[in-house]
Amino acid sequence: MRSDTRPRAEAGEWTDRVLDLEVGPVAHGGHCVARHEGRVVFVRHALPGERVLAVVTEDTGGSFCRADAISVRDPHVGRVAPACTWARAGGCGGCDWQHATPELQRELKTAVVREQLSRLAGIDSDVEVEELPGGPLGWRSRVRLAVDAEGRAGLRAHRSHDVLPVADCPIAPEGALPGVLARPHAPGSEFEVVVDADGAVHDERDGAPVVQRAAGREWRLRPGAFWQVHPELAGTLAGVITHWAQARPGESAWDLYGGAGLFASVLADQVGPDGRVTVVESSSGAVDDGEVALSDLPQLTWRVGRVEHVLGSLADPDVVVADPPRSGLGKALVAGICEREPRRIVHVACDPAALGRDVGLFAAQGYRLTALRAFDAFPMTHHMECVALLEPGAPGGA
């Protein structure tokens, strides 16, 4: 017998229904939580404490549904007019918080990362999401465009494959997109537009190398290669790694999910010519680019493959830096790292829920969170970047 007595609904039952809602706290994912007739409603385009009319956009049944605010009563003091007309109900899925001041956006993200750490790792943190230089607009140096059946490039609607025929995007660098969006493209295709460190605009299909710089070095990357999307983030993260990794001359370090070797370059400087840094990366193209950019560092060893497949063949490290995909490290990899007993682990995470889960897994292995920073590397969206330092046997909390 099911013991859950919360009201449930059949799939689609509330779709297109307009609800009068008192909006509650922010939740992970770019929305706030409200309740109606005993069900949870995840509301976009609303802010905590507001009263709104919201239309239900998705109802798969069960105890919750999703809605968009379409009219706001009692607006939050931090509410502002969005910078883009597509940042609205039924609009683009790229931005979540254009209707909030930048300061309020960071407050909301701070609440999310603290809640995720508390709920998933049992840690009460005083971390604050920090602003990066450059402001809330014009920062997105990589934009993935989709093309509709008529050959028009645009952005995807929220939780949809529909392509919106936008003329520009205010969070992309000024002038980067209009010319690309105005041209016809292969119907049904997708492609990425990148603005590099020299301000050059690249369509990933053009083949020209993308110049990126950080940590006092330059990389020339093939189109489509991963690099941090905010122009200030790569250097910021490299600075945190420098401060927290503290690899010593002659030591061994791992750079897991190392890409083209940004963090490896920092670790290599720390361990010096008598040390060793092993980069593990599944993209052979990224490794090729990294080997060229860091050819002056013979202490680097590159391994092409999935981290879970390569880990068992590596020599024990003194320091580990890991920058996994959004899903995080997970139980098996956390255990695999901890059994090698590194004295420091620096975990870079782009999803606070995955970070919370991983921190809890590290705690179960005897590693405690000793420092944490979070950066508003994706203004106007719900995303953020976190960096955690874990050490064996240290007191919990950060």
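There are four aromatic pairs here, counting rings whose centres lie within 6.5 Å. Keep in mind that this is a predicted model. Below are some spots to look at, grouped by topic.

**An aromatic pair**
- Take Trp139 and Phe378: their ring centres are 6.1 Å apart and their planes sit at 80°, so this pair counts as edge-to-face.
- Trp139 is in the loop between strands S7 (129–131) and S8 (142–147), while Phe378 is in the loop between strands S20 (367–376) and S21 (385–392). The pair therefore ties together parts that are 239 residues apart in sequence.
- Both Trp139 and Phe378 are buried.

**Charges over rings**
- Arg17 lies over the face of Trp14, 4.8 Å from the ring centre.
- Over at Phe191, the charged end of Arg205 sits above the ring, 3.7 Å from its centre.

**Helix H4**
- H4 covers residues 262–271, and nine of its 10 residues are buried, so the rest of the structure largely encloses this helix.
- Among the buried ones are Leu262, Phe263, Val266 and Leu267, as well as Ser265 and Gln270.

**Helices H1 and H8**
- H1 (residues 102–121) packs against H8 (residues 352–364) at an angle of about 35°, and their axes are 8 Å apart.
- The crossing of H1 and H8 is right-handed.
- On the H1 side, the contact includes Val112, Val113 and Leu117; H8 contributes residues including Pro352, Arg357 and Val359.
- The residues of this H1–H8 contact split into eight nonpolar, three polar and one charged.

Methods: Residues are numbered from 1 along each chain as its sequence is written. This is a predicted model: local features need pLDDT of at least 70, side-chain atom pairs count only at pLDDT 80 or more; totals for chains, interfaces and linings use all residues. Side-chain values use heavy atoms; hydrogens and water are left out. Rings of Phe, Tyr and Trp (its six-membered ring) pair if their centres lie within 6.5 Å; planes under 30 degrees apart count as stacked, over 60 as edge-to-face and the rest as tilted. Helices (H or I, at least four residues) and strands (E, at least two) are DSSP runs, numbered from the N terminus. Buried means under 20% relative accessible area, exposed over 50%, partly exposed in between (1.4 Å probe, protein chains only). A charge sits over a ring if NZ of Lys or CZ of Arg is within 6 Å of the ring centre and within 35 degrees of the ring normal. Axes are lines fitted to C-alpha atoms, for helices over the stretch in contact, and angles run from 0 to 180 degrees between N-to-C directions. A crossing is left-handed if the near helix is turned anticlockwise from the far one by less than a right angle, and right-handed if clockwise. Contact means heavy atoms within 4.5 Å. Ala, Val, Leu, Ile, Met, Phe, Trp, Tyr, Cys and Pro count as nonpolar, Asp, Glu, Lys and Arg as charged, and the others, Gly among them, as polar.
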